[in-house]
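Hi,

Here is the structure I promised to send over.

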Amino acid sequence: MNCPAKIFTAFSLIAASFFLSGCVSYQISRYAEGNEVAFPNDRLEVGKTTLGEALSLLGAPDKVAKAGLEDLLVYERALLYRNRLKVGLPIPLSSVIRTSLDASAYGTLVRYDSLALFFNSERILSHKTFQQGSSHPYLKTLFSSDQ
Amino acid sequence: MRLTSKILAVLIITTLLPGCIALGKNKEFQPFDSTKLDKLVPGKTKAAEVTEIFGAPSEVVELANGNAYIYKRTVTKGTVCWLVLLTLGNAEKQHDQLVFFFDLHDTLTHYGLSLDADKAKYELPR
């Protein structure tokens, strides 16, 4: 490539980046709250595991609540993903015409990994449930018809 | 010739990568000292003694068989990186949490401790 061609390519790239920077943008965001939730199924035995054993195995729960005559412990991790695509004119027209030529689309998905443990009045595990929301893929889950 | 190429290279880099990066940290502080857990004896220690040692709890929850006192502190670390066409953002919130369980007579029965606040990281979305 000769010198003028190089200069032309370079300035084309610079000009394109100036214009495109206001024209198309893509944003990827992630927010995670809480540590990964462990589910040692074989060590949490309904009718046997005590509250003390569960606490020494899993640590402090993220939530505690009264559930009827039982106590509920919840271990939870929330995972948010958001992708956003924005297309618009880089030239501000708002002072000339009262319209916007921007268009944007975004999708946000929050998934939860949750382990819920119910303890009876003797503080023995009466039932348990585990849901791993993070195992569901982002796009497939976002666009599925399931609520 | 070489100088022109270098100037062009600098121009291209400074134009195509005019991004910047921002790091942020939020802390919800509660000064509980988990090393003082040795002072507690389940079955003997009363709720009043727990609050004397650890201070006021962040939350008190009424349970079917007593109460739970929750001590919580959180650390959130955020990272944002702006490039020409692409913006990447990540935030992670982690907790240190201490939960005491009391029976109906306000006697400590169990406690659980999780220290995860240090696990919050500055990183880009995965």
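I call a residue buried if 20 or more other C-beta atoms, placed from the backbone, lie within 10 Å of its own, exposed at 12 or fewer, and partly exposed in between. By that count, 22% of the 126 residues in chain B are buried.

This is a predicted model, in which local features need pLDDT of at least 70 and side-chain atom pairs count only at pLDDT 80 or more, while totals for chains, interfaces and linings use all residues. Residues are numbered from 1 along each chain as its sequence is written, with chains lettered from A and ligands numbered from 1 in the order in which they are written.

Chain B has two helices and five strands, in the order α-β-α-β-β-β-β from the N terminus. These elements are DSSP runs numbered from the N terminus: helices are H or I with at least four residues, strands E with at least two. The radius of gyration of chain B (over C-alpha atoms) is 25 Å, well over the 14 Å from the globule rule (2.2 Å times the number of residues to the power 0.38), so chain B is more spread out than a compact globule. Its C-alpha trace spans about 85 × 25 × 20 Å along the principal axes.

Now the strands, which pair if DSSP finds at least two bridges between them. In chain B, strand 2 (residues 59–63) and strand 3 (residues 66–82) run antiparallel and are joined by five bridges. They form a hairpin with two residues between them, and Leu63(B) has Gly66(B) as its bridge partner.

The contact between the chains (C-beta atoms, placed from the backbone, within 7 Å) takes 36 residues from chain A and 37 from chain B. Strand 4 of chain B gives the largest share of the chain B side, 14 residues.

Finally, the core. A nonpolar core here is a set of buried Ala, Val, Leu, Ile, Met, Phe, Trp, Tyr and Cys residues joined through C-beta atoms within 7 Å. The largest one has 26 residues, and those touching the most other members include Ala54(A) and Val99(B). Its largest share, five residues, comes from strand 4 of chain B. Beyond its neighbours within four places in sequence, Val99(B) contacts residues of both chains, among them Ala60(A), Pro61(A), Ala68(B) and Tyr111(B).

Best wishes

Notes. Two residues are in contact if their C-beta atoms, placed from the backbone, lie within 7 Å.
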